[in-house]
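Me: I've got a structure open and I'd like to learn how to read it. Could you walk me through it?

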Amino acid sequence: MTTAAAGKPDTPPMPERTPKALREAITQHAPHLLRDFDAHWKRDIADAYDIAPVPAFMARWWGEYAIARDPQLEQKVHRLEDEAAESTDLDRAKALLEEAGHIRRVARQVEPGQ
């Protein structure tokens, strides 16, 4: 994969694609995400008697973790988004957000073990 962390020797592999395994990976390798992960789980999943929102939850947090496990990639995505928010040039802001969005889309496609 060209935009996410797969293949870097110091990057932890993606976990099994389950909420429990993803939470454990976040706890170990991206603890700065844990509070938001848990709050989102409790708000949208834990007290619901419907599993319909679980795939969307997993897609979001799968991508967040795939990016966060590589601090340089995470910093790049945040820099792109920050620059877009501060830009007064609409075309530049759009290009920056498209690049950040591309990285996020590719990150969500990383497979377990990559």
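Predicted model: local features only at pLDDT ≥ 70, side-chain atom pairs only at ≥ 80, totals over all residues.

What follows is a conversation that goes from the whole chain down to single residues.

Me: What does the C-alpha trace span along its principal axes?

Reply: About 45 × 35 × 20 Å. The accessible surface of the chain is about 7,200 Å², and carbon and sulfur atoms hold 52% of that. Of the 114 residues, 39% are buried.

Me: What share of the contacts joins residues 24 or more positions apart?

Reply: Among contacts with a separation of 6 or more, 66% are between residues 24 or more positions apart.

Me: Let's look at α3, then. Why is it described as largely enclosed?

Reply: Count its buried residues, meaning those under 20% relative accessible area. Eleven of the 15 residues of α3 are buried, so the rest of the structure largely encloses this helix. Among them are Val54, Phe57, Trp61, Trp62 and Tyr65, and also Gly63 and Glu64. The buried residues of α3 pack against α1, α2, α4 and α5.

Me: What does Trp61 touch, apart from its neighbours within four places in sequence?

Reply: Trp61 is in contact with Leu22, Ile26, Leu33, Asp36, Phe37 and His40. Take His40 from the other end: it sits in helix α2, residues 34-46. Leaving out residues up to four places away, His40 touches Ile45, Phe57, Arg60 and Trp61.

Me: Is His40 buried or exposed?

Reply: His40 counts as buried, because its relative accessibility is 11%.

Me: How do I check the length of a helix, say α4?

Reply: Work out a span at 1.5 Å a residue, then compare it with the distance between the end C-alpha atoms. The 16 residues of α4 should span 22 Å, and its ends are 22 Å apart, which agrees. For α3, the 15 residues should span 21 Å and the ends are 20 Å apart, which also agrees. For α5, residues 90-108, the 19 residues should span 27 Å and the ends are 27 Å apart, so that agrees as well.

Me: Which residues of α4 are buried?

Reply: First the general idea: an α-helix has 3.6 residues a turn, so residues three or four places apart point the same way. In α4, the buried residues are Leu73, Glu74, Val77, Leu80 and Ala84. They cover an arc of only 130 degrees around the axis, which puts them on the same side of α4. On the other side, Pro71, Gln72, Gln75, Ala85 and Glu86 are exposed. The cover over the buried residues includes α3 and α5.

Me: Why does Ala85 count as exposed?

Reply: Its relative accessibility is 67%, and the cut-off for exposed is over 50%. Ala85 and Leu97 are twelve residues apart in sequence, with their C-alpha atoms 8.9 Å apart in space.

Me: That leaves α5. What do its buried residues pack against?

Reply: They pack against α3 (54-68) and α4 (71-86). The buried residues of α5 are Ala93, Leu96, Ala100, Gly101, Ile103, Arg104, Val106 and Ala107, a list that includes Arg104 along with several alanines.

Me: And what should I look for at the start of α5?

Reply: Look at Asp89: one of its side-chain oxygens reaches to within 3.0 Å of the backbone nitrogen of Asp91.

How values were computed: Residues numbered from 1 in each chain as written. Heavy atoms only, no water. Helix = DSSP H or I, 4+ residues; strand = E, 2+ residues; numbered from the N terminus. Expected span 1.5 Å × (residues − 1). Buried < 20%, exposed > 50% of the residue type's maximum accessible area, 1.4 Å probe, protein only. Contact = heavy atoms within 4.5 Å. Polar contact = N/O pair within 3.5 Å; in protein donor to acceptor, adjacent residues only side chain to side chain. Arc of directions from axis to C-beta. Areas by Shrake-Rupley, 256 points an atom, 1.4 Å probe, with all protein chains shown as cover.
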